[in-house]
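Hi,

Here is the structure I said I'd send over. Have a look at it first, and then read on for what turned up around the ligand.

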Amino acid sequence: MRVLVACEFSGKVRDAFTARGHYALSCDLLPSERPGEHILGDVRDILSDGWDMMIAHPPCTYLTNSGVSWLYKDESRWNKLDSAASFFLELWNAPIKKICIENPIMHKHGRERIGNLQYTQIIQPWMFGHPESKATCLWLKNLPALHPTNNVKDEMEALPENQRHQMHFLPPSETRWMERSRTYPGIAEAMADQWGNE
Ligand SMILES: C[S@@+](CC[C@H](N)C(=O)[O-])C[C@H]1O[C@@H](n2cnc3c(N)ncnc32)[C@H](O)[C@@H]1O
């Protein structure tokens, strides 16, 4: 299969598909952190290049429920919200048969702007071997829901709050958003295992 991994700098999903014999390419405005097939640029320019599947991780800063209060503190965020929602829809409407878009739970303004498109499922890192909590929605087109591969919820619940939500507790830094946004390897492996033969 030809698999486009949109908005990925970590190479996690790309490399999981590549390891299973697919042609997978990541595309991001940032360089890839790891060597591999990568286009540095705007993914909108390559959506029509004949892909069988796209897995997309578009920016969530202006769409996520956890950031909703900022809309009322910073007027400029409403335009950015509009752009983020139209980017999401451009990916969803790309001429690619199988599509997965991953994003956190959206606030109502985000949901309205993507036409109240309902996500297919919510996944958690603890369903895929990582004892951490971070609800992530998957919007799926022509793909089955992802099955949990290694449920470590009990292990996660036994951990102190700052470890099970460790991404929230990272100290401020220029790269904090990158640490928080890298796809968990267990989720990348599950996508490649379960969707690689679809
Ligand atoms: C939330 S991060 C996703 C990171 C991803 N989960 C990973 O493991 O690398 C969103 C990414 O979208 C990228 N991005 C934003 N607009 C883009 C565009 N038009 N084309 C390609 N990438 C874009 C950003 O540079 C950022 O790295």
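To start with where things are: the ligand sits in the largest pocket. Do keep in mind that this is a predicted model.

The pocket first. About 1400 Å³ of space lies in it. The lining of this largest pocket counts 50 residues, and P58, P59, C60, T61 and S181 are the closest to the centre. As for class, 23 of the lining residues are nonpolar, 17 are polar and ten are charged. If you colour by secondary structure, you can pick out the elements that each supply at least two residues of that lining: the strands β2 (23–28), β5 (98–103) and β7 (136–141), along with the helices α2 (77–92), α6 (176–181) and α7 (185–195).

Now the ligand itself. Its shell is made up of 17 residues, with F9, S10, D28, V43 and S181 the closest. The shell divides into seven nonpolar, five polar and five charged residues.

- D28 places a polar side-chain atom 2.6 Å from an oxygen atom of the ligand.
- F9 uses its backbone, with an N or O atom 2.9 Å from an oxygen atom of the ligand.

Cheers

Terms used
Residues are numbered from 1 along each chain as its sequence is written. This is a predicted model: local features need pLDDT of at least 70, side-chain atom pairs count only at pLDDT 80 or more; totals for chains, interfaces and linings use all residues. Side-chain values use heavy atoms; hydrogens and water are left out. A residue is near a molecule or strand if one of its heavy atoms lies within 4 Å of it. A polar contact is a pair of N or O atoms within 3.5 Å; within protein, one must be able to donate a hydrogen and the other to accept it, and residues adjacent in sequence count only if both atoms are side-chain atoms. On a 1 Å grid over the protein atoms alone, a cavity is a set of points where a 1.4 Å probe fits but cannot get out, and a pocket is an open set with protein on both sides within 12 Å along at least five of seven lines; lining residues have an atom within 4 Å of a point. A molecule sits in a cavity or pocket if more than half of its atoms lie within 2 Å of its grid points. Ala, Val, Leu, Ile, Met, Phe, Trp, Tyr, Cys and Pro count as nonpolar, Asp, Glu, Lys and Arg as charged, and the others, Gly among them, as polar. Grid points are joined across faces, edges and corners, and a volume is the space filled by probe spheres set on the points. Helices (H or I, at least four residues) and strands (E, at least two) are DSSP runs, numbered from the N terminus.
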